[in-house]
Amino acid sequence: MGDKSKIEWTEATWNPITGCSKISAGCANCYAQTMAKRLQAMGKPGYQDGFKVTVHPDRMDQPSRWTRPRRIFVVSMGDLFHEEVPEEALVQVYEEMESNPRHIFQVLTKRPARMRDFLKGRQGYPQDYPHIYHGVTVENQEAGLERVPILLECPSEVRFLSCEPLVGPVDIGFGGVMPGRWQWLDNQSLHWVIVGGESGSKARPMDPAWALDIVEACQTHGVPVFVKQFGAVWAKENCHTRKGNDPRSWPEWARVQEVPWEVPWER
């Protein structure tokens, strides 16, 4: 949990729940698991059980105590919709978000089915809570074809994709001409896409062509796109920063870091 985040597309992280388990290719080198084990070894409060799914009641009201509006990444150290997260904890998290419309909350999951079912059981979505964004991780085409259709069933003012770590091509498409091509940018069902390569000592390479395909598709359809980093493999090969996250070293087409329309405090 931090009031200042190094994640480029957010401003703060809030972890009333921590911990997760691996379910797909994007999880192979999970940064959160590595960090949790490090914090456990350091004796950091809240991480006595390492990366086991844990609810932290003392953190539930953190956004209420942040008076300055900010973008908040919800549960950066786990998955809010993990099957081991109690339903009552989900309710507490959403009550806290719903009561703080001065903030933007960015909810990201690899388990969209539970997110969809939970949201459909609550009143007022999406019209009463446009400040709560919902997204899924799409590390490759397989993950996209599995998760995005479920995301589209979620009532949300902003639906977004985090294509990070991008470990394979993702075909967002230009109108669904070919079987399996995504038409969701055409009909404005998706509102934001984040792209990034993998970091860490075991990072897998991101082919810049994969990122270029996504950027071009988003720009064609007027969907904000945020290129976060090129990843550790590219950085090592090109003698740049450790994560390849300095836009000045990227190709011109990649220097785009857009966010969805105005945030509430700028309207």
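This is a predicted model: local features need pLDDT of at least 70, side-chain atom pairs count only at pLDDT 80 or more; totals for chains, interfaces and linings use all residues.

At what angle do the axes of helix 3 and helix 4 cross? The axes of helix 3, residues 87-98, and helix 4, residues 112-120, cross at roughly 65° and come within 12 Å, where axes are lines fitted to C-alpha atoms, for helices over the stretch in contact, and angles run from 0 to 180 degrees between N-to-C directions. That makes helix 3 roughly perpendicular to helix 4, given that 65 to 115 degrees counts as roughly perpendicular, under 35 as roughly parallel, over 145 as roughly antiparallel and the rest as oblique.

Residues are numbered from 1 along each chain as its sequence is written, and side-chain values use heavy atoms, with hydrogens and water left out. Helices (H or I, at least four residues) and strands (E, at least two) are DSSP runs, numbered from the N terminus.

In the contact between these helices, meaning heavy atoms within 4.5 Å, Glu87, Leu90, Val91 and Tyr94 of helix 3 meet Arg114, Phe118 and Leu119 of helix 4.

Helix 4 also packs on helix 5, residues 141-151, with the axes 9 Å apart and at an angle of about 5°, which makes helix 4 roughly parallel to helix 5. Here Pro112, Ala113, Met115 and Arg116 of helix 4 meet Arg147, Ile150 and Leu151 of helix 5.

Turning to burial, the buried residues of helix 5 are Ala143, Gly144, Arg147, Val148, Ile150 and Leu151, where buried means under 20% relative accessible area, exposed over 50% and partly exposed in between, with a 1.4 Å probe and protein chains only. What covers these residues includes helix 4, strand 6 (132-137) and strand 7 (159-163).

Now the loops. Val158, in the loop between helix 5 and strand 7, is buried, with a relative accessible area of 0%.

Most residues other than glycine have a negative phi, and most peptide bonds are trans. Val75, however, has a positive phi of about 60° although it is not a glycine, and it is buried, with a relative accessible area of 1%. A cis peptide bond joins Tyr125 and Pro126, with omega about 0°, and another joins Glu164 and Pro165, with omega about -5°.
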